[in-house]
Amino acid sequence: MRAAVKSPPAPEVVEEKPDLGTPLLELKGISKQFPGVKALDDVSFAIWPGEVHMLLGENGAGKSSLMKCLCGAYQADTGAYFHMGEKVEIRTPTDAKKLGIAVIFQEFSLVPYLDVAQNIFLGREFKSKIPGLLDRRRLYAEAQKVLDRIGLEVDPRTKVHTLGVAQQQMVEIAKALSQDASILVMDEPTAALSDRETERLFAVMRQLQAKGTAIVYISHRMAEVFALGDRITVLRDGKNVGHAVPGETSPDQLVRMMVGRTVDMSYPRNFRAPGDVVLELKDISATTGIADINLVVRAGEIVGLCGLVGSGRTEVARAVFGADAITSGEVRVFGRIKQGGPDVAATEGIALIPESRKTEGLALIRTVSDNLAVAGLPKLFPNHLFSPGRARRSAEALIKRLRIATPSPNQSVGLLSGGNQQKVVIGKWLAAGARLFIFDEPTRGIDVGAKSEIFALIDQLVAEGAAVLMISSEQAEIVHVCDRAYVMRGRRIVGELSRSELSEENIVRMGMHDE
Amino acid sequence: MSDHALSAAQPRPRLPAIPGVAIVLVALALVFAAISPNFLSTGNLSNILVQSVILLLLAMPMTLIIMTEGLDLSMGAVLTLASLVLALTVVSTQSLVLGLAGAVGVGLAFGFVNGWLVSSLRIPPFVATLGTLGVAQGLALIVSDGQSVVGIPRFLRQVYSGETAGIPNPILIGAAFYALFHVLLYHTKFGVYIRALGGNRDALTLAGVKWQRMLVAVYMLGGAMAGVAALLLTARINAGHPTAAIGMEFDAIAAVALGGTSFERGNGWIFGTLLGVLTVGVLRNGLNLMAVPSSAQVAATGALVIVALFLDGLRSRKP
Amino acid sequence: MLNLKTLVVAFPAALLSTAALADGESIAVFTKNQTNPYFQAVRVGTENAAKTMNAKVIHYIPTKPDSIPEQLSQIEDVIVKKPNAIVFIPVDYKAMVPGVEQINEAKIPVVNVTDRSAGGKFLAFVGADDYNLGLETGRYLLKKLGGKGNVVIIEGVKGSLTSIDRVRGFNDAIKEFKDVKLLASQPANYQRLQALQVMENLMQSHPQIDGVMAANDGMAIGAIEALDGANRKAQVIGINGTKEAVDAIKAGKMLASGDYNGFVQGCIGTMVAIRALRGQPIVTEVVLKPTVVDSTNYQPYDVAVESRSCPAWDQAAAMATKTN
Amino acid sequence: MSMSSQTAGATPRLHLSKDVVQVIYRLLAAGLLCVVLAVVTDSFLSTNNILNVLRQASLLFFLASGLTLVILSGGLDLSVGANIGLSACLAATVIKATGSPVLGTLAGLGSGTLVGVCNGLMVAKLRIPSFIATYGMLWVLHGLTYYYMGGETIHGFPPGFRQIGSGYFLGIPIPVYLMLGFLAAGTFFAQRTVWGQQIYAIGANPVAARLCGIPVDRRLILVYAFSGAMAGVASLVFLARLNSAEGDIGEALTLPAVAAVLIGGASLFGGVGTVFGTFVGALILTLVLNGMNLLAVNASWQPLVTGVIVVLAVWLDMIGRRRT
């Protein structure tokens, strides 16, 4: 099997027979068909106690489908499950639970108006002695125990909707841990976590491993794959395309397996001298709590905005775009003072590519063509009359230019993969003729291949004279791509790093809390 | 969104926000007490409570239904139909038990159909219950042939007009059901699942809970409560009437909204609904005592709903 | 005659602790809704009578038209306020009985107007005879048609006393004429628009309609509009004698309207209540004689209700059908 | 990524959007209904009856077309019926006072639009859920109308004005022309203008629409203003058709209008639906009621049948959508 990794291009599926005894859980020949798509095609997969099994693959490769089959949310069309060598059925989440499988989902499975404890024990409520009622005292006591274990300092009576994304993710983790599962599946658990919380999570994982828990771990972060993984399985287009062991492979090789072709991971940039000032913030404070924000973005440069999750980066972006009200200071765009909401921002040539594609960036029930046209309507149709033909032609041009993979401009955008959806969000601003682009986590949840395409696109934009402000939690991206970067902490800008000063260490040092 | 994380990291002081409805209720009560000397009399206060009970019996299950991101527009019509069935049964059999069983049965049947349409056929609740609203209303007209059903025996009327231990029966019934709903929402699995139904159904699926059944159960509870309310309504008007409670579902929805229950994400509370119902009752009563013209009362009801929601909106927008 | 009919009824006044009240009494008036002009006529009548007798009226109207629970709540609220007397039109003659009983328990004297309540104790009933009104007005139409032809009936709200009795009157009138054929009898809930659409649809199934009997004027006028729209002609009668119907009669579009005379009902109802409070003689039942308003006798009705004035007590008492 | 292979081989094919498919199904359903009615009744296929159905559908359509835009934007307007009442009464007053139908028309349209703007402000600026805001508005409007009318009716309008409700041109009722005109205008607005497209975008995802630079607040106000203006149009046609204004003139129409929009295929979640679909929806609803009248089915069955059709239409739609 190792040979397979060493011989690109993509290897065929290789049988693996390590001498580890009976697997804790084994999936054989799993297939799952959706209308129009074969999500899983004859996938086999095994986990042994005490190991961290990395599951890699681009978005749409079938990782999530495989996980959902594993936890009973989907029923596989064909294939068999073996638990400690015995054939078992997993047809419902309850079946999975009985086998000791717990899952931490990427899309939150939390209920906003239940408290932390109720969420952790959802579906496993403690019965009181009085029939029909619940034992609340025990609920909170048990919840506190779990929270202590992962070091989350939150009152178990706190309603989940008041928590931030990172804390919600930790509750999600607590929920899975509380099940004392023998098999724990984690889907990008660190995507929303800060470094501190990530460290805590890894510590807990090591404890679990020591106790013999098997962990299936999905990640897009190569560093994690190599730091944590005992074994790696790569999926592509619903098929199992290979196995590897971290010590014997390299990131480039894994990427080749995932993508099926060679991908340059260095995000090449053509740095050039910046032009005129496009965006200038002077002492901006906003209702969302950010204060005294000063920054400058020039034409032809990509400026990074980094800091921990929750440091106020998104708020800066929203304040520039007019999505949240500014309480003091001034925003200058192309030299003019900008006032007003997002509609004014759009007409002045500002584009916001928001953090959450699905809820803030796209109308999922509408077509690719509709979504590509929506921001540029006033520009494409200056006389206010809409022409479906022209909208379609404009969409087709953008689909070609951005290489958006869609069967037709009339495809519902909700059916596209994450990377293609992100391209649609960018495309709509190209149609609107934007000159200042604000990207908020442009690569979140996007696979490696699409990532480099998006960075190439951003580079092309600045080459054509646009200005870009980019928020990212992945410091490596900032370091690779940006001309300069501002670092935020506690809703203020705490420093600026020039190209020569840009390094992950510097970003982390400036962005960390003083503790 | 991500950037609220920091502020939430520090435990927030647990100061319960005062809901708009409470402000409105207190303000109304103060104004009426100042202007109308009769307002604060025991008789009048008991009046307001008694009058509010039927609406409360509808508004409480409506709260739960709305918390599941649902709606039940059929409640008023089902109440009407149940009241007719109850009246017909009691008149012909002289049995309160049979009558109540009939009324609750009708309610449960409609609740089941509503729940089935919503959970199994995935028809939006507004549409599904608009449909069953028509069916119940039509059946009410057909069953009664447009006539009132009269000859209700004395013992049925006693349910509404009688007293137990010096407290009017309707208040006791209302209090008992309020307690029941409070326990249901805050101390049982069912209550937890209701908030999950509105907040995140996938979470229930993944937890292995059969939420479709829960959803049907919520609508059936709504139907059953319409059946119970039918008992009080029939006893109150001493008859079954084919249009007696038409449109009452909107009053119930308004009271729930007034009480601060949101139409999204499973955010609601039963005490707010009680306040909402009482606010409507106090407003009507006070305006009647002040002999405010009916047209102004009509407008005031509308304005009340708008003002209370506006107040809630104001507060929720503050960061 | 007059003296025989009008007897002193002393007991209601004796019930009142403040029997000395000479004027300024407050009278609570209950009507069914805010939209039907008929009830507006009643209200104006009560105001007119109260004004001349130096009392004041307060109106209680359900915010939802004809709402039974709401009228019950209003009764309960009014009892707290203790008006001197009540003039009462039940939204439903059967379902409001518990309400009337509450009024009785609170010992507030109450006069029943328009719809005769199925229970409870009243000082008096003042109303019109819906059955005879339907019968007389129906007869008038059929005679005009020459005792033959096809007619349709447009009913009011199903189950309402006025509609039931008026339609019964219509039907009995039709039975008196062998050559008259009743084509259809459909409800339009006293609503103009519904009557218009019902009529439009009836015209499709029935190519020849000679006469239309509508249970109120609004529906009659809706039917006339439908006929006009289809360029068809038929003789139309309604009931209530509203200003609008009088205008239509004047214009030759409508044949006749049975006068229900809500104004006078309001007048007499209020007069009875106030007189009882003052210990003056009252009557216990006034059922107005049906009058058919047509092109020959519309003049007295051709004025807005606001500018009419109540009959004197002697005249009112002369209409009484029962005295104590 | 798995899509890339499909892109290369994608051949242009006849693309019927889901909206178009939906409307075709509905037209088929309406056609089937016509065939059935033509077979089981002898009067259905008469010219008069067809015109009759169209005219009745037009009244529903005016209201439903404005409502369609609101529902497309993801909201609901429960105040349209009450809006008709107030607008009709104001228009009637102005016509009576000035004798000018033009001023009256302006008053009706103006008040309708103003109410719509208020709704829009509540929804867009005060962020009150549309369902509740317009329900509150319904009560406020009823109150204003009742107060203003005091239970009276205003009747008798100049013949010129009445043409828009009851006139004919080339043998076809004027309201039918108006309906076709508004159908064309509404369809053009929704499908062929930037504002229309923005309204679809707002309905599909209001947050994304705002972050795309669409002035969501202004568009929402526009949408509710349109809905109010269409209620104004409906009020004028009603006024002209009925020749009289009453406070409760539009009360019974709100839920049927919502039903027509839903039968027409619009989704209450927003972003899905067409004005033409609503037209077919109004037609289907009217055909069913007309058929029941022609078959002399007891009117009590009407709400039941309407309810079943609404659920059925939406359910069939959902099945259709799940298959594609």
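Visitor: How many helices and strands does chain C have?
Guide: This is a predicted model, in which local features need pLDDT of at least 70, side-chain atom pairs count only at pLDDT 80 or more, and totals for chains, interfaces and linings use all residues. Residues are numbered from 1 along each chain as its sequence is written, while chains are lettered from A and ligands numbered from 1 in the order in which they are written. Helices (H or I, at least four residues) and strands (E, at least two) are DSSP runs, numbered from the N terminus. On that basis chain C has 12 helices and 13 strands.

Visitor: What is the radius of gyration of chain C, and what does the globule rule give for 324 residues?
Guide: The C-alpha trace of chain C spans about 65 × 45 × 35 Å along its principal axes. The radius of gyration is taken over C-alpha atoms, and the globule rule is 2.2 Å times the number of residues to the power 0.38. Chain C is as compact as a globular protein of that length, because its radius of gyration is close to the rule's value for 324 residues: 20 Å for the chain and 20 Å from the rule.

Visitor: Which percentage of the residues in chain C is buried?
Guide: A residue is buried if 20 or more other C-beta atoms lie within 10 Å of its own, exposed if 12 or fewer, and partly exposed in between, with C-beta atoms placed from the backbone. Of the 324 residues in chain C, the buried share is 64%.

Visitor: Which domains make up chain C, and how far apart do their C-alpha centres lie?
Guide: The bounds come from an automatic or database domain assignment, which divides chain C into domain 1 (2–129 + 261–290 + 307–322) and domain 2 (130–259). Counting two residues as in contact if their C-beta atoms, placed from the backbone, lie within 7 Å, 9 residues of domain 1 of chain C are in contact with 13 residues of domain 2 of chain C. The C-alpha centres of domain 1 and domain 2 of chain C are separated by 30 Å.

Visitor: Which helix of chain C gives the most to the side that touches chain B?
Guide: The contact draws 24 residues from chain C and 32 residues from chain B. On the chain C side, strand 2 (56–60), helix 4 (68–81) and helix 5 (97–105) each supply at least two residues. With Ala, Val, Leu, Ile, Met, Phe, Trp, Tyr, Cys and Pro counted as nonpolar, Asp, Glu, Lys and Arg as charged, and the others, Gly among them, as polar, this side of chain C has 11 nonpolar, 6 polar and 7 charged residues. The most, 10 residues, comes from helix 4 of chain C.

Visitor: How is the side of chain B that touches chain A divided by class?
Guide: Here 30 residues of chain B meet 38 residues of chain A. Helix 1 (5–9), helix 9 (189–199) and helix 10 (201–206) of chain B each supply at least two residues of that side of chain B. By class, the side of chain B holds 14 nonpolar, 10 polar and 6 charged residues.

Visitor: Are helix 3 and helix 11 of chain B roughly parallel or roughly antiparallel?
Guide: Axes are lines fitted to C-alpha atoms, for helices over the stretch in contact, and angles run from 0 to 180 degrees between N-to-C directions; those under 35 degrees count as roughly parallel, over 145 as roughly antiparallel, 65 to 115 as roughly perpendicular and the rest as oblique. Helix 3 (residues 42–67) and helix 11 (residues 211–237) of chain B pack at about 180 degrees, with axes 9 Å apart. Helix 3 of chain B is therefore, relative to helix 11 of chain B, roughly antiparallel.

Visitor: At what angle do helix 7 and helix 11 of chain B cross?
Guide: Helix 7 of chain B meets helix 11 of chain B through Leu156(B), Arg157(B), Val159(B) and Tyr160(B). The axes of helix 7 (residues 154–161) and helix 11 of chain B come within 7 Å, and the crossing angle is roughly 105 degrees.

Visitor: Is Ile128(D) buried or exposed?
Guide: Ile128(D) sits in the loop between helix 5 (101–124) and helix 6 (130–149) of chain D. Leaving aside neighbours within four places in sequence, Ile128(D) has contacts that include Ile306(B), Leu309(B) and Phe310(B). Because 26 other C-beta atoms lie within 10 Å, Ile128(D) is buried.
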